[in-house]
Amino acid sequence: MGESVSLAGHAAVVTGAGAGLGRAEALALAEAGVAVVVNDMGDAAHEVAEEIVASGGQAIAVTGDVSDWALGGRLVEESVKAFGSFDILVNNAGIIRDKMIFNLTESDWDDVIRVHLKGHAATSHAAAVYWRQASKAAGGPVYGRVVNTSSEAFLFGSAGQPNYSAAKAGITALTLSTAQGLARYGVTANAICPRARTAMTADAFGEAGATTGLDPLAPERVATLVRYLASPASSEITGQVFVVYGKMVALMAAPTVENRFDAAGSAFTVEELDEQLSSYFIGRGPYETYAAYSIAELEKVALAVD
């Protein structure tokens, strides 16, 4: 292993690490020599921490709800207390309350936004405070990596997931803001949009089919990218969004301007908008929207695992 991808001596916080994708990420980081703070709501966090320790790694469990703002600070504090440092934040914790917009309740909305978006913000805030202070004390950049978990749902605007899609769009914007705000301190922040077969996605992906080798939707495939983004080798990568599953990692491009409409005078009239916009959109197909439906084409290659 080259020095640039070595993670020995670093410490990480992984949220939602009691099962599924978060567990796979925590195990992958531990295997790379990272000391891991395993966060989840219950006993599963302790079980994963014990699994890491039994394999010769370093880990502690810190249970709690990531949407509790104070927990973010405690996760960072426990990392420094137990391992002497805090270098990597992997935000994974989340829940789903899938409903069409006309069936969505206030609690369905609040719960998903709270755990996903506020949870990412709480830990990101705590990490940013720590790294900013550390950078000032050191008189220069420090080592910091943030890997946030977004979703293709924000690219599609999934009809049955208005709350989840909105939360994931917010996480993407939070990632971009974090990347810009912390760049001067040596910190990178990136978002991944993973597909993984876990308990949370069981309804969407079902059981693994008959296949040889690693399941195309195995969480371990995603964890490999997280391990890389946490490494020194990724120092030039920040403010990016990756779609990852199967045997593929796809880098998303920034949105582009499709067309521009200009008023003839100093301001548009409604009639002028009608003349320019109505004619432009006549005959436009139902999938020709801001939603990135073309991303679905990636599946043909991504899941074609040998």
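Met100, Ile101 and Phe102 make a nonpolar surface patch of about 340 Å², where a patch takes residues with over 30% relative accessible area and no salt bridge, joining nonpolar side chains (Val, Leu, Ile, Met, Phe, Trp, Tyr) within 5 Å and like charges within 9 Å. A salt bridge here is a side-chain nitrogen of Lys or Arg within 4 Å of a carboxyl oxygen of Asp or Glu, and accessible areas come from the Shrake-Rupley method with a 1.4 Å probe, with only the protein chains shown counting as cover for residues.

This is a predicted model, in which local features need pLDDT of at least 70 and side-chain atom pairs pLDDT 80 or more, while totals for chains, interfaces and linings use all residues. Residues are numbered from 1 along each chain, and side-chain values use heavy atoms, without hydrogens or water.

Phenylalanine 102 sits in the loop between β4 (88–91) and α4 (106–138), with helices (H or I, at least four residues) and strands (E, at least two) being DSSP runs numbered from the N terminus. Its relative accessible area is 64%, so phenylalanine 102 counts as exposed (over 50%, with buried under 20% and partly exposed in between).

Turning to the sheet, eight strands form an open, mixed arrangement in the order β3-β2-β1-β4-β5-β6-β7-β8, and β3 (59–63) and β8 (248–251) are the edge strands, each pairing on one side only; pairing requires at least two DSSP bridges. Strand β1 (residues 11–14) runs parallel to β4, joined by three bridges, and valine 14 has valine 90 as its bridge partner in β4.

Terms used. Buried < 20%, exposed > 50% of the residue type's maximum accessible area, 1.4 Å probe, protein only.
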